[in-house]
Structure formats: structure tokens, C-alpha cells
Amino acid sequence: LEKALARELRPLHPLFFQRFDDQQLDRLLRAMPFLRLSSGRWLFGSENLGAEWPATKGDRAFILLKGNIALYPDSQGAGERTDIYRGAVFGEKRF
């Protein structure tokens, strides 16, 4: 699985992954958690979810491997919608 994902990841975001050799990229992929979410599912925000991410020592960042995600400036889904697509890197805060 890591080899197939590595082949997809390099062209998906070439500037980000260009300096990783095969061994480094393999190590990175084994350390990453992967989420497969259904349509309409919140990734973060909305206290109505009743779920929290595990504690971390830093901020989280995501890379979208497939599909699209709608981002909103408000945690309840209010404000101007921004759609992002395959290859986008995003997080709970603006980069």
C-alpha cells in the first residue's frame, strides 16, 4: 500500500515531496494516520459533533488525496465557502 500511495503522492504535490527519497517517503507514510470520510462528514469544527481529536503537540495539517472538501471560516459552517480539491494541504487555521 505504501508503494502505491508513494507513486500517487509525488505527482500530487511535487514541490512538497520532491526532496524525499523512497525510504524517507515510506517512513513518512507509515507514520501518517489516514482518514476515509463519507460525504457530508465534518472533519473538524462544530461542537455538535461531540467528538474531539486526540491531543497533539502541534497543529494538524491534512493533504487531500481524493475528493473535495468545503472549508468555512466559522466552525459552525457559516461564512463564505471555499472548495478545495485533490492535492490541497489545509488545516484548522490558515497557513
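**A pocket and its surroundings in a predicted model**

The lining of the largest pocket comprises 27 nonpolar, nine polar and 10 charged residues; here Ala, Val, Leu, Ile, Met, Phe, Trp, Tyr, Cys and Pro count as nonpolar, Asp, Glu, Lys and Arg as charged, and the others, Gly among them, as polar. The structure is a predicted model, in which local features need pLDDT of at least 70 and side-chain atom pairs count only at pLDDT 80 or more, while totals for chains, interfaces and linings use all residues. Residues are numbered from 1 along each chain as its sequence is written, and side-chain values use heavy atoms, with hydrogens and water left out.

Of the 95 residues, 19% count as buried, where buried means under 20% relative accessible area, exposed over 50% and partly exposed in between (1.4 Å probe, protein chains only).

Returning to the pocket, its space amounts to about 2000 Å³. A pocket is an open set of points on a 1 Å grid over the protein atoms alone where a 1.4 Å probe fits, with protein on both sides within 12 Å along at least five of seven lines; lining residues have an atom within 4 Å of a point. Grid points are joined across faces, edges and corners, and the volume is the space filled by probe spheres set on the points. Among the 46 lining residues, Leu43, Phe62, Leu64, Ile69 and Phe90 lie nearest the centre of the largest pocket. At least two lining residues come from each of α2 (14-17), β1 (61-63), β2 (68-71), β3 (82-85) and β4 (89-91), and β2 gives the largest share, four residues.

The structure also holds four salt bridges, each a side-chain nitrogen of Lys or Arg within 4 Å of a carboxyl oxygen of Asp or Glu. One of them joins Glu8 to Arg86, with the closest N and O atoms 2.8 Å apart. Because Glu8 lies in helix α1 (residues 2-12) and Arg86 in the loop between β3 and β4, this pair ties together parts 78 residues apart in sequence. Glu8 is partly exposed at 44% relative accessibility, and Arg86 is partly exposed at 47%. Another salt bridge links Arg30 and Asp26, at 3.0 Å; the two residues are four apart in helix α3 (residues 22-31), separated by about one helical turn.
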